[in-house]
Amino acid sequence: MTVQMERKQAAQHVGANDREITLEVKNLKVYYATPTGAVRAVDDVSFHVYKGEILGLVGESGCGKTTTAMAILRMVQPPGRIVGGNVLLDGIDLVGLNEAALREVRWNTLALIPQGAMNSLNPVMRIHTQIAEAIQTHEGRQPKDKLKQRILELLTMVGLPSRIYDMYPHELSGGMKQRVCIAMAIVLHPSLIIADEPTSALDVVVQRVVGQTLLDVKERMNVSMILIGHDMGLQAQLVDRIAVMYAGHMVEVSPVESIFAEPLHPYTQLLIESIPSIKERKPLKLTEGITHDLRNPPPGCIFQERCPKVMDVCRADRPWLRPIKPEHYVACHLYE
Amino acid sequence: MATSAQSSATGAQTPVRKKTKLNRWDSPWLNSKFLTGLGMVLFVMLLGPIGRLFWDETLSYPASSPLNLPPPWAPGYSSEGDKPVVQQVQSLRDRSTPTASAAQPSGGEAAPTTASTGGTSLTGGNPLAPKPTAATGGSMTGGNPLAAKTPASGGSMTGGNPLAAKTPAAGAAATPAPSGQRQAVGAAAYARFGVPSWEHPLGTESSGRDMLAVLFVGAPRSLTIGLIAATIGMFIGVVLGFTAGYMGGWVDNVIRTLSDAIIVIPVLAVLIVIGAYVKVLQVENMAILLALFLWPAPTRYVRAQVLSMRERGYVNMARISGASSFSIMFGEMMPNMLPYIAASYTGNVSVAILAATSLEVLGLGPTRIPTLGMTIFYAISAAAILRGMWWWWGIPIAALVIVFSGLFLMTVGLDEIANPRLRGRKAAA
C-alpha cells in the first residue's frame, strides 16, 4: 500500500521542461563478473522517460540494451550485478527495494513485453488462464465472470478475436502471441512498459500490426514505454525520443525528428546511414572495426576505435552527455 | 494495417465458442500400448476385490486347505491325506502286502464311483495291479499315454486334469525307484495332493493354502507394495528435484550430493541387510523400506528438467510478473512435466515391485500375508519344481509377468503420448 501512496506523491514530480517524468535512470552500472575481470555491460547510463511517451533504445547487438531493461526490472541474473546507480520509477528507487516490495511493483507499475513471444507463453496453459494468473497474483481471487469480462476487453483492446480466449498458445500465430503478450503487459495498467524487441522474428506486415497495437495501447492508457530494438526504420515510426547506446554507454539522446534530421554522434550517423534507402541508389555503408573489449575500455571516448572522425582529445578524455540543442543530448568532443 | 486490427476487434463480439475436437477418438491418450498395459495392471489389481466375490479369501491361510506333505517319494506316504500319518503308514503296509490285494480289482473297477475320495484306482501303480487283468490300472504302469489320458484311470483323481495324470506316470517310469512299492506310493500321492481340482482350481501347496485364494490376496498386495513405494519415492523425488533445480546454490549442492551418493549404493544388498534385521510384517513397512532407495533417480531426473525449464521464456515472464516461487514451480513448470513424471512413475513402480519381489523370494518379505514373492520363496523351499508342482511356482510367476509386461507397455505408451515424434514411427516403418 505504501507503494501506491508513493506513486501518488510521485505523480506530482515534474521534469525539467514541465513534463512529468515516469522513469529516471541515474548512473546505472551493471557489471558481469568473469574470472578475467568485470564486463561492463552497462556503464554509467542515465536517461529518463516522460509520462505517455515512447523512448526508443537502439544500438547494435551486445551494446547493453537488454541488460539495461533487465536492470530496470531488477532481473539481472548472476554473474551480472547492479553495481551502482538509481532507477527511480514514479519516485521509488527500484535498486534499493527488497524482494517483497519488488514483487508488488513488478507488473503493477512496471511490465515487460518479452523478446521472444513464442517462448513467453506457457505451452500447456490456455490463454485466459495465463492472463488470469497475472491478474490474480496481484489482485487476489476474483469472481469468474468479472475476470472473463476483463480478459475479453483486454483481448479486444489489442485487436484479438475473443475466440482465442480458450485457446492454447500453439494455436496462435506469432503476431497473435505477441499481442497476447502485450495484453498481459497492460492488464494491470502499469505506468511503464518495457518492450524488448517486440517485433523481432515477425515479418514486416505483422511488425506493422504489432507496432500499431503498441501505439493504440499507449494512446489509450497514456502509458510510458521503452521500446528496445535495432531497426531504425521501425523506431522512426513508433517512438517519440531515441536513445542510442554503444558498448554500455549512452552516446546520444534526442527527439526522433531531430535525430533523423541531423544525427550528431558519428555512431548515430553510421547507424542511420546503414538503413538502405528505396529512393536513392548508394552503396550500403558498413561500420568498420569491432567493439573494444568490454572488460577494459580504453581511456577517452569509447567509440574512438571505430570513429571515422576521431581526434587526439578523444583518446584522452571521455566525453559526457551534454545538451547541444533543446532535448538533444550527445556525448562527443566534436560539439564542444 | 490498423484496419486488420479493427476488423478482428469487431469479430470479438461473437460469444466464446466451446472448443471442439475433430472427433472424440483423436486423443493421444487412446494409445493402444498404454491402454493394454493399463488393462493388464488393472486386471491384477482387481483380482483382489473381484476374487473376493466368488472365492473364499480365508483359504489363503496355511492349513485351510489339504496339505501336500510329506514329499511323495517318502516312504510311508499315503494317498489318503486326511488320515493321520501313522494310520496312513498302517494302511499302506496293509495294502502293499499280498493279502491286501483282494482290494485291488475292486478298486480298479470302482474308479468312476470313488472319484471324490480318490486314490484307490491309482493304486493301479502298485506292482500288484499290473497283472494283465484290466486296462484301467495296468495302463498306468505300462505308461500307455492313451490309457493314462482316459478319464476312467487318471481322471478320477485329478478332476480331469490330463497333465496331472500324465506326469506321475512318466515320473514313475523314469525314476529308478528303489522298490516297486515306493514308486507306486509316489505316483499315487503325486496325483492326489495339491493338484488343481474342482475343489481347488489352482491347486494347493504344502502349507495347505489354496493357490487361487493366494493369487487373489497376493497379487494385488505385491502391486500395492510397488505403488506405495513408487508414490512415496516419486513424491520425495519431485519435491527435492524441484527444490534443487529451482533454488540452486548450496541447496542444490546438498540435494545433488545426497542423491548421487545414494544412487551408487547397491540397493538390494542394503535392503537384504535391513530386511534381515528389521522384521518386516506389514506390506506398508515393506513399501516404506523400498521408498528409501527410490527417490534419488526421480530427483536427478526432475532436477535436470527443472534446470532447463527455469530459463524458458514463460518462467521468466512469470517471475517478472511477480509470481511466487511456489506458483512458478507447481503452476508453471509442473504441468509441463506431468507426462515425463507419469512415464517415470510407471517405471519406478516396476523397479519397486522387482525389488520387493527379490526380497520376498529371499524370504525377507512380509510373512503374515501371502504375496507373490513369498509364494515363490515357499515354493523354492518346498522343492516345488522338483516335485513337479507347476501350479505352485507357475502362478505367482505368471502374475508377475503380467504385471511387469503391463507396466512396461504403460511406460512405452506414456512415452509415445508425451513425445509425439515416437508416434509416427510405426507409420514410417
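**View 1. Helix α6 of chain A, checked for length and cover, in a predicted model.** Helix α6 covers residues 174-186 of chain A, 13 residues in total. At 1.5 Å a residue, it should span 18 Å. Its end C-alpha atoms lie 19 Å apart, which agrees. Because 12 of the 13 residues are buried, α6(A) is largely enclosed by the rest of the structure. Among the buried residues are A:Gly175, A:Lys177, A:Arg179, A:Cys181 and A:Ile186.

**View 2. A:Ala183 and the largest nonpolar core.** A:Ala183 is one of the buried residues of α6(A). Setting aside residues up to four places away in sequence, A:Ala183 touches A:Ile131, A:Leu154, A:Leu155, A:Met157 and A:Val158. The largest nonpolar core holds 167 residues. Those that touch the most other members are A:Ala183, A:Ile193, A:Ile226, B:Leu290 and B:Ala352. Helix α10 (residues 211-247) of chain B gives the most to this core, with 19 residues.

**View 3. Strand β7 of chain A and its parallel partners.** Five of the five residues of β7(A) are buried. A:Leu192, A:Ile194 and A:Asp196 point one way, while A:Ile193 and A:Ala195 point the other way. In a regular strand, side chains alternate between the two faces of the sheet. β6(A) and β7(A) run parallel, joined by four bridges. Here A:Ile113 has A:Ala195 as its bridge partner. Strand β8 (residues 224-228) of chain A also pairs with β7(A) in the parallel sense, over five bridges. There A:Ile194 is partnered by A:Ile226.

**View 4. A hairpin in chain A, formed by β9 and β10.** Strand β9 spans residues 241-246 of chain A and runs antiparallel to β10(A), with six bridges between them. A:Met245 stands opposite A:Met250. Two residues separate the strands of the hairpin. In the turn, A:Ala247 has a positive phi of about 50 degrees. Strand β10 (residues 249-255) is mostly covered, with six of its seven residues buried. β10(A) has another antiparallel partner, strand β12 (residues 328-330) of chain A, joined by two bridges. In that pairing A:Glu252 faces A:Val330.

**View 5. An open antiparallel sheet of four strands in chain A.** The strand order is β2-β1-β4-β5. β2 (37-50) and β5 (92-93) are the edge strands, each pairing on one side only. Strand β1 (residues 21-34) and strand β4 (residues 80-89) pair over eight bridges. One bridge sets A:Tyr31 with A:Arg81 in β4(A).

**View 6. Two helices cross in chain B.** Chain B has 20 helices and zero strands. Of its 429 residues, 43% count as buried. Among contacts in chain B with a separation of 6 or more, 71% are between residues 24 or more positions apart. The axes of α10(B) and helix α16 (residues 325-361) of chain B come within 7 Å. They cross at roughly 145 degrees, and the crossing is right-handed. Residues of α10(B) that meet α16(B) include B:Ser222, B:Gly226, B:Ala230, B:Gly233 and B:Phe242. On the α16(B) side, the residues include B:Met329, B:Tyr345, B:Asn348, B:Ala352 and B:Thr357. B:Ala352 is also one of the residues that touch the most other members of the largest nonpolar core.

Note on methods:
Residues are numbered from 1 along each chain as its sequence is written. Chains are lettered from A and ligands numbered from 1 in the order in which they are written. This is a predicted model: local features need pLDDT of at least 70, side-chain atom pairs count only at pLDDT 80 or more; totals for chains, interfaces and linings use all residues. A residue is buried if 20 or more other C-beta atoms lie within 10 Å of its own, exposed if 12 or fewer, and partly exposed in between; C-beta atoms are placed from the backbone. Two residues are in contact if their C-beta atoms, placed from the backbone, lie within 7 Å. A nonpolar core is a set of buried Ala, Val, Leu, Ile, Met, Phe, Trp, Tyr and Cys residues joined through C-beta atoms within 7 Å. Two strands pair if DSSP finds at least two bridges between them. The expected span of a helix is 1.5 Å times one less than its number of residues. Axes are lines fitted to C-alpha atoms, for helices over the stretch in contact, and angles run from 0 to 180 degrees between N-to-C directions. A crossing is left-handed if the near helix is turned anticlockwise from the far one by less than a right angle, and right-handed if clockwise.
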